[in-house]
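Q: I have a fold open on my screen and I'd like to learn how to read it. Can you walk me through it?

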Amino acid sequence: MEARLLNTIWRLFLVYLLQAESTRVDLVPEKIAGFWKEVAVASDQNLVLKTQRRIEGLFLTFSGRNITVKAVYNSSGSCMTETSVGSRGNAAGDFAFPGHRKICVLETDYEHYTILKLSLLWQGRNFHVLKYFTRSLEIEDEPGFWRFREMTADQGHYMLARHGRCAELLKEGMV
């Protein structure tokens, strides 16, 4: 019983830290726009990590208060894209999308890496996933990755992204 209580308190503390962290990003849309390759995913929910459609890459564009996210997936060997348009939230780095979805930029250096928190309300439950992205198709093991590992050390479930050609095609503008 004590272990369960401590675990619950720890999770609440983590949520508090992530919310506090998310308000610290003074996001410059022009700098974060462009291609991002997914490298790693962390969640305390195993279900989130077992999704059939795993993102390989994103392309972000901004227009006024709106953000357009073009995501590329590998679906049975074919590259599929999905485009979503969201709007800036009240806090810096927060974006809301249709379907009770949110993206929060937790940390970025704009040139090499970004760490995003994705939230989704599904079947009455909130799901949160932390994702690590790089600009490079090749380099993954850089200081931003170690920062991601520090932030997600207590999540319990990790998954490194699959290497595929869809992210490469998105970066080249082919999909």
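Predicted model: local features only at pLDDT ≥ 70, side-chain atom pairs only at ≥ 80, totals over all residues.

Q: How many helices and strands does the chain have, and what pattern do they follow along the sequence?
A: Start by listing the elements in order. Here you get five helices and nine strands, and reading along the sequence gives α-α-β-α-β-β-β-β-β-β-β-α-β-α.

Q: What share of the 175 residues is buried?
A: Buried residues come to 41% of the chain.

Q: In which sense do strand 2 and strand 3 pair?
A: For any pair of strands, check the direction and then count the bridges. Strand 2 and strand 3 are antiparallel, with eight bridges. One of the facing pairs is Leu60 with Val69, the latter in strand 3. The two strands make a hairpin with two residues between them, and Gly64 in that turn has a positive phi of about 60°.

Q: What does strand 3 do with strand 4?
A: Strand 3 also pairs in the antiparallel sense with strand 4 (residues 78–88), over ten bridges. Look for Val72, which sits opposite Thr81 in strand 4. This is a hairpin too, with two residues between the strands, and the turn residue with a positive phi, about 55°, is Ser76.

Q: Which residues touch the most other members of the largest nonpolar core?
A: The general idea is that in soluble globular proteins nonpolar side chains tend to be buried together. In this chain the largest such core has 17 residues, and Ile32, Leu58, Leu60 and Val69 touch the most other members. Two or more residues each come from strand 2 (55–63), strand 3 (66–75), strand 5 (94–97) and strand 6 (101–108). Strand 3 gives the most, with four.

Q: Leaving aside its neighbours within four places in sequence, what is Val69 in contact with?
A: Val69 has contacts with Leu58, Phe59, Leu60, Glu82, Thr83, Ser84, Phe97 and Ile103.

Q: Which residues does the second, separate core include?
A: Among its twelve residues are Val39, Ile115, Phe145 and Met151.

Q: What share of the contacts with a separation of 6 or more joins residues 24 or more positions apart?
A: For that, look at how far apart the partners lie in sequence. In this chain, residues 24 or more positions apart account for 54% of those contacts.

Terms used. Residues numbered from 1 in each chain as written. Heavy atoms only, no water. Core = buried A, V, L, I, M, F, W, Y, C linked by side-chain atoms within 4.5 Å. Buried < 20%, exposed > 50% of the residue type's maximum accessible area, 1.4 Å probe, protein only. Contact = heavy atoms within 4.5 Å. Pairing = 2+ DSSP bridges.
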